[in-house]
Amino acid sequence: MYCVAVVIAMGTQPPVSDQYLQAVAGSLEMYVDPLPQMPKIYGYSMFNGQPSSIKLTIGMYQKKWKFHRDLPPTTVFVYGTDPVTATFPGPTIEALQGVPLWVTWKNYLPAHHILPWDPTIPVAIPSHGGVPTVVHLHGGVNPPQSDGSAFAWFTADFRDVGPKWTQATYMYPNIQCPGNLWYHDHALGLTRANLLAGLIGAYVIRNATAEAPFGLPSGDLFEFHLVIADRSFYKDGSLYMNYTGDNPTIHPEWQPEYFGEAITVNGKAWPFLVILRRRYRFRILNSSNARYFNLSLSNNLPFTVIGSDSTYLHKPIETPTILIAPSEIFDVLIDFTNSPTQFAEMMNTAAYPYPTGDVPNKPEW
Ligand SMILES: [Cu+2]
């Protein structure tokens, strides 16, 4: 019989109760922060009216992020072209259908993770320390070497790499249908922690010519991403991740699901958006670990769903609610022209865990 000694990387914060986490989230007044839009990175260059391929470098950085007016800044891991402009979620990458994009993903993360890390489950363990990361473009039709295998992880400066690591620069062909994708971390045994820390971002494959006949709302004023992420916080603003373990004698920190008590959209807890009486397009991504969202509008306006994960629907579908599972994306239009009210809430009624768990005690977001 073997006896295996393990070193448990404990969270730096003491265990807290659900009531504590609900109280911290509940203390954050709703609709006080404007909804941000993440910076856009264009995955092509234009010359003489013709698009051509480019090579981007996108880093992963530790920085402080304000999730709410009244919450102290939170330490996060985020994507960006530099540490100053890196955001939670990361920049939105705009690719063109048929124009390949090369991205060199660089890990500038520090020696230690900001969240607990259970080494008793299969996990990337670098010999020289650091935080293993690897980027997966979710929904992308990509060559395997560019797909972000969980075993292709790497640490800062590629000092340590996983057994499937082959290259620092990934190639995204963008040969699939135009639509909505997202990129996120995928490191072995650490995906949940790295995403919770903030390694998430939206990716769009566009074909403006194909869309032109539909006259969809477009441009920075009428077309928004909503990247939803539930997070719980300690009073000092730091991210909470449960680390007591469902089976503490076997896996001291492993929890199969995470539910945050605050709903963040584009990196702000319960933000607001001022709009006009007209049609808008929203690309709604549920980047949460386990929480479903059953969304509706308090003024009863319907959603017109035009796209799902990665591509358009065959025809638009009008519906009063949309149920979005983790990692799903809905591309919707909302027409506020005839809104019966001046103010509308986007509400969530999905039980958590879905569908048999508790119903949110107040509509969230
Ligand atoms: Cu994914």
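Which residue lies over the face of Phe222? I looked this up before anything else, keeping in mind that the model is predicted. It is Arg278, at 3.5 Å from the ring centre.

**Entry: the rings around Arg278**

I then checked Tyr280, and Arg278 lies over the face of that ring too, at 5.8 Å from its centre.

**Entry: ring pairs**

How many aromatic pairs does the structure hold? I found 21 listed. I picked out Phe158 and Trp165, whose ring centres are 5.5 Å apart; their planes sit at 45 degrees, so I noted the pair as tilted. For a pair to count as stacked, the planes have to be under 30 degrees apart. Phe158 is partly exposed, with a relative accessible area of 25%. Trp165 is also at 25% and counts as partly exposed.

Next I went to Tyr292 and Tyr354. Here the centres are 4.5 Å apart and the planes are at 15 degrees, so this pair is stacked. I wanted to know where the two rings come from in the chain. Tyr292 is in the loop between β16 (279-286) and β17 (293-297), while Tyr354 is in the segment after β22 (346-348). That puts the partners 62 residues apart, so I wrote down that the pair links distant parts of the chain. As for accessibility, Tyr292 is partly exposed at 26%, and Tyr354 is partly exposed at 34%.

**Entry: the copper ion**

Which residues coordinate the copper ion? I got His138 through ND1 and His184 through NE2, at 1.8 to 2.0 Å. His138 lies in strand β8 (residues 135-138) and His184 in strand β10 (residues 179-185), so the pair ties together parts that are 46 residues apart in sequence. His138 has 27% relative accessibility and counts as partly exposed. His184 has 7% and counts as buried, because the cut-off for that is under 20%.

**Entry: Glu253**

Last, I looked at a charged residue. Glu253 is in the loop between β13 (239-240) and β14 (262-265). Is Glu253 buried or exposed? It is buried, yet I found no salt bridge for it. The nearest side chain of opposite charge is Arg192, 6.2 Å away; a salt bridge would need the charged atoms within 4 Å. What does the side chain of Glu253 reach at 3.1 Å? It reaches the backbone nitrogen of Trp117.

Definitions and conventions:
Residues are numbered from 1 along each chain as its sequence is written. This is a predicted model: local features need pLDDT of at least 70, side-chain atom pairs count only at pLDDT 80 or more; totals for chains, interfaces and linings use all residues. Side-chain values use heavy atoms; hydrogens and water are left out. Helices (H or I, at least four residues) and strands (E, at least two) are DSSP runs, numbered from the N terminus. Buried means under 20% relative accessible area, exposed over 50%, partly exposed in between (1.4 Å probe, protein chains only). Lys and Arg count as positive and Asp and Glu as negative; His and the chain ends are not counted. A polar contact is a pair of N or O atoms within 3.5 Å; within protein, one must be able to donate a hydrogen and the other to accept it, and residues adjacent in sequence count only if both atoms are side-chain atoms. Rings of Phe, Tyr and Trp (its six-membered ring) pair if their centres lie within 6.5 Å; planes under 30 degrees apart count as stacked, over 60 as edge-to-face and the rest as tilted. A charge sits over a ring if NZ of Lys or CZ of Arg is within 6 Å of the ring centre and within 35 degrees of the ring normal. Donors are N, O and S atoms within 2.8 Å of the metal (3.2 Å for Na, K and Ca); water is not among the atoms, so sites may look incomplete.
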